[in-house]
Amino acid sequence: FHLTMSHLPNARSLIETNFSPEVLQAIDLDSLQIEQCDFVDTKLREKQSDLLLSARLRELEGSPTDMAASVYVYFLFEHKSEPDQLTVLQLLSYIVRFWEKCARDGDRLHPILPLVVYHGASPWTVARHIEDLVPCPAAMADYQVRFRFPLLDLGRLPDEEIRGVPILQCVLHLLKYGRGPELSHHYAEILRILASVRSEQNVRTWLEAFGVYVMGVNRFMSLEEMDRIVQSVF
């Protein structure tokens, strides 16, 4: 996930296929860049797989008058292989820490758009709204934090609706099928998508990365079977 989203064309493609046209219209994606997540504690960062990117906001009609080209929107990507009830709290804590860093640095607070990519076997049925974790009487609702995150649930997404540039499509398919016995039925098609990448050097790099991932997470596919599929496609 980190390897894939650290390549800006893949990250941009994920953004373009998962946020609304209205959101995309407000963002200069040509300015997209990777940011260091140094607002997260070192020990926590070693255990988490978050990825932070930034892009300049466009000056649009109806935007605040002080919104200049130096105002950024930040994208916070997180991927999960199991439903986690506290994901919404985890993301909110990241956002607050980042805003605290902005304040310490004398910077303005910037909008942050989170996205959780989920590739677990069971449906995501746990909280996506912070309100789900903080039940309270209706009379208190206006005093509570309101925050939710969009979820890309690959297990419930039909293959034909997995969109984006070829590498992104490959990786999302790998996340969807990588841990199960059905991978052997899909790996050839994943590699055929990879074969559409123009640069042979890039194909070799990603082919190796895919192989390392499959051998690391899939207990059903042998190295021999994976090699056979690779040979059949290339």
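How many of the seven residues of strand 4 (residues 112-118) are buried? Six of them are buried, so strand 4 is largely enclosed by the rest of the structure, where buried means under 20% relative accessible area, exposed means over 50% and partly exposed lies in between, computed with a 1.4 Å probe on protein chains only. The model is a predicted one, in which local features need pLDDT of at least 70 and side-chain atom pairs count only at pLDDT 80 or more, while totals for chains, interfaces and linings use all residues. Residues are numbered from 1 along each chain as its sequence is written, and side-chain values use heavy atoms, with hydrogens and water left out.

**Overall organisation**

- The chain has nine helices and five strands, these being DSSP runs numbered from the N terminus, with helices (H or I) of at least four residues and strands (E) of at least two.
- Read along the sequence, these elements follow the pattern α-α-α-β-α-β-β-α-β-β-α-α-α-α.
- Of the 234 residues of the chain, 40% count as buried.
- Among contacts (heavy atoms within 4.5 Å) in the chain between residues at least 6 apart in sequence, 65% join residues at least 24 apart.

**Strand pairing**

- Strand 1 (residues 27-35) pairs with strand 2 (residues 51-57) in the antiparallel sense over five bridges, pairing being assigned if DSSP finds at least two bridges between two strands, and Gln-33 stands opposite Ser-54 in strand 2.
- Strand 2 is mostly covered, with six of its seven residues buried, and six bridges join strand 2 to strand 3, the two running antiparallel.

**Helix packing**

- Two packed helices are described by the angle between their axes and the distance between the axes; the axes are lines fitted to C-alpha atoms, for helices over the stretch in contact, and angles run from 0 to 180 degrees between N-to-C directions.
- Helix 6 (residues 166-177) and helix 8 pack at an angle of about 10° with their axes 11 Å apart, and the two are therefore roughly parallel to each other, given that angles under 35 degrees count as roughly parallel, over 145 as roughly antiparallel, 65 to 115 as roughly perpendicular and the rest as oblique.
- In this packing, Ile-167, Cys-170, Val-171, Leu-174 and Leu-175 of helix 6 meet Trp-206, Phe-210, Tyr-213 and Val-214 of helix 8.
- The axes of helix 8 (residues 200-217) and helix 9 (residues 223-233) come within 11 Å and cross at roughly 150°, and helix 8 and helix 9 are therefore roughly antiparallel to each other.
- Leu-207, Gly-211, Val-214 and Met-215 in helix 8 meet Leu-223, Met-226 and Val-230 in helix 9.

**Individual residues**

- Thr-4, placed in helix 1 (residues 2-5), is buried with a relative accessible area of 3%.
- Leaving aside neighbours within four places in sequence, Thr-4 is in contact with Asn-10, Ile-167, Val-171 and Trp-206.
- Arg-204, found in helix 8, is exposed with a relative accessible area of 57%.
- The C-alpha atoms of Arg-204 and Leu-194, which lie ten residues apart along the chain, are separated by 9.7 Å.
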